[in-house]
Amino acid sequence: MMKLRHVFPALLIIFLALPALAAGADAPAIDGRHLGLAWMVPFVGILLSIAILPLVTPSFWHHHFGKVSAAWATMIIVPFAVIHGVPSAVYEIIHLLLLDYIPFIVLLAALFTVTGGIHIKGNIHGSPSMNTALLAIGTVLAGWMGTTGASMLLIRPMIRANDDRGHKIHVFVFFIFLVSNIGGALTPLGDPPLFLGFLKGVGFFWTTEHLFAEMLVCAIVLLALFYAIDSYWYRKEGRKKPDPTPETPVRIEGGVNVILLAAIVGAVLASGTWTPGIHFTVFHVTLELQNVLRDLALVAICFLSLRLTSRASRVANGFSWGPMLEVAKLFAGIFITIAPALAILRAGKDGVLAPLVALVTGPDGQPNDIWYFWLSGILSSFLDNAPTYLVFFNLAGGDANLLMGPLASTLAAISCGAVFMGANSYIGNAPNFMVKAVVEESGIRMPSFFGYMAWSCGILLPLFVLLTLIFFR
């Protein structure tokens, strides 16, 4: 009997082999107008699994999280193929793989591999001032090398700096807040939603100009609060045990990866600025040459990094593929189960979530920036923030020139909601889960899904209310 771990890959292979059955037909995309709320049950199920199973059965989750993800995805694929037809199921799977999941995972893998080869040797003591400085540096770096790149570059030095601290969970929670999310608002390279906006015509430096004030307010408030909390615990615990990694001069090994990191940035930027107009179609899914070349370049950069980096540097970093595999398996399930939810949202006023969509339009027909900020943010807390951004981008008209001009406040609200509120849960943004996985792999127990949300609700929600009062009234 086929084991469960083989079911998901087998289904994908079958669906990828079926395009010839429907060749020549129109793209059989999901019509969200005809989907009920029941289609969102697997998505809710995978979220609850991620939230509850690590608490209830940690051993089972550690060994079988990939099977759980595959099972929820199968609950979407099989019924959809039976009810709506194999061609529609094939199209949606291939569409998700080629345009969303594969580029997403390839970029994450490239950043994970390259930053995993940059070893910041030496150690600094995690005092409140040093921790705050590291968080501030990471926040700035996130805007230019991506939240994933900055997170993977700095999380291990942050772990080493605080390895003698008794109370340090808050350090990594604020790390996720600032480095894995808030800092990504500086440029389109910082976070996937903003990069999608860049591909839709939003100027490269538009985000720097229009989101800088919002990002700065968030960063200042969070850094000040972190310093106060860290100082309290630092004074309370004192130096009860010697630092297992005493302070030593800091230097960087694996410098070739810095060049490769710049190559990643260049490849991503080129794919958004170079448009040769060459494209081809795979079962109704249009692939543009620049995007295919970008992904191939990122894969090549991964191999170069592995080839050119000494094994000693990666071992010193505690580098392993565990966190990347966890993200890949869980997000495979999330991407598939999210498809009906996004289709319902795309249906707008004709879908079952019409009351939710109607909130973003005021009585005068003008966009309601407050609701754009909060709805795009709340959905981005649990859905993938990149497609959620696109949904609200399109609800606001989808015209980049209009959104950068007269409706600039609306685009800023959508952008801030998608980027900032990705910090509200572990699954709001991929780097969140990767940081959690790396920290736990080092032997530090991170808060549970709901435990983390207790932190985010207590700290971030009041901050977002403040942003609303200042910027989106």
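1. Let's start with the rings: the structure holds 22 aromatic pairs. One of them joins Phe319 and Trp321, with ring centres 5.1 Å apart and planes at 80°, so this pair is edge-to-face. Bear in mind that this is a predicted model.

2. Phe319 has 16% relative accessibility and so counts as buried, while Trp321, with a relative accessible area of 38%, is partly exposed. Phe319 also has a charge to look at: Arg314 lies over the face of its ring, 4.8 Å from the ring centre.

3. Next, have a look at Phe373 and Phe464. They also make an edge-to-face pair, 6.2 Å centre to centre with 85° between the planes. Phe373 belongs to helix H14 (residues 369–380) and Phe464 to helix H19 (residues 449–471), so the pair ties together parts that are 91 residues apart in sequence. Phe373 is buried, at 0% relative accessibility, and Phe464 is buried at 0% too.

4. One of its members, Phe433, has Lys436 over its face, at 5.7 Å from the ring centre.

5. A polar atom of the Thr187 side chain lies 2.3 Å from the backbone oxygen of Gly143. Leaving aside neighbours within four places in sequence, Thr187 is in contact with Gly143, Trp144, Leu194, Phe204, Thr207 and Thr208.

Conventions:
Residues are numbered from 1 along each chain as its sequence is written. This is a predicted model: local features need pLDDT of at least 70, side-chain atom pairs count only at pLDDT 80 or more; totals for chains, interfaces and linings use all residues. Side-chain values use heavy atoms; hydrogens and water are left out. A polar contact is a pair of N or O atoms within 3.5 Å; within protein, one must be able to donate a hydrogen and the other to accept it, and residues adjacent in sequence count only if both atoms are side-chain atoms. Contact means heavy atoms within 4.5 Å. Rings of Phe, Tyr and Trp (its six-membered ring) pair if their centres lie within 6.5 Å; planes under 30 degrees apart count as stacked, over 60 as edge-to-face and the rest as tilted. Buried means under 20% relative accessible area, exposed over 50%, partly exposed in between (1.4 Å probe, protein chains only). Helices (H or I, at least four residues) and strands (E, at least two) are DSSP runs, numbered from the N terminus. A charge sits over a ring if NZ of Lys or CZ of Arg is within 6 Å of the ring centre and within 35 degrees of the ring normal.
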